[in-house]
Amino acid sequence: METKKISEQELKEIKTLRDNFNSAYANLGMLVARIKELEDDKDKTFQYIDELKESETKIYETLKTTYGDGVIDLNTGEFKPQN
């Protein structure tokens with residue numbers, strides 16, 4: 001079979017297409033890595049929220065033991081007993 005040479009324009013188009021594919025795959029890889037980082041950040045934030053809820057529960061239990069049932073006005077610091 002006889003070999004033939006493609007035109008410079010066709011070769012340029014193929015190389016450009018290949019370069020665009022490589023760029024797209026590299027971009028996809030960076031996006032996947034970023035998604036993983038965001039998922040890790042999300043997990044850490046949920047863990048932190050759980051820790052905050054636990055701290056909140058402990059504080060409320062301590063306050064309930066000290067003051068009884070009621071509501072605290074966070075603006076004034078006043079405790080209003082529940083009737």
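Here is a short tour of this structure, stop by stop.

The model is predicted, so local features need pLDDT of at least 70, side-chain atom pairs count only at pLDDT 80 or more, and totals for chains, interfaces and linings use all residues. Residues are numbered from 1 along each chain as its sequence is written, and side-chain values use heavy atoms, leaving out hydrogens and water.

Start by selecting residues 8–67, which form helix H1 (helices are DSSP runs of H or I, at least four residues, numbered from the N terminus). Leucine 31 sits in this helix and is partly exposed, at 47% relative accessibility (buried is under 20%, exposed over 50%, partly exposed in between, with a 1.4 Å probe and protein chains only).

Next, pick Leu17, Phe21, Tyr25, Leu28, Leu31 and Val32: together they make a nonpolar surface patch of about 630 Å². Such patches are made of residues with over 30% relative accessible area and no salt bridge; nonpolar side chains (Val, Leu, Ile, Met, Phe, Trp, Tyr) are joined within 5 Å, like charges within 9 Å.

Now for the charged pairs. The structure has five salt bridges (a side-chain nitrogen of Lys or Arg within 4 Å of a carboxyl oxygen of Asp or Glu).

- Select arginine 34 and glutamate 37, bridged at 3.0 Å, N to O. They are about one helical turn apart because three residues separate their positions in helix H1.
- Move to lysine 36 and aspartate 40, whose closest N and O atoms are 2.9 Å apart. They lie four residues apart in helix H1.
- Finish at lysine 64 and aspartate 69, which meet at 3.5 Å, N to O. Aspartate 69 is partly exposed, at 43%.

How values were computed
Accessible areas come from the Shrake-Rupley method with a 1.4 Å probe; for residues, only the protein chains shown count as cover. Helices (H or I, at least four residues) and strands (E, at least two) are DSSP runs, numbered from the N terminus.
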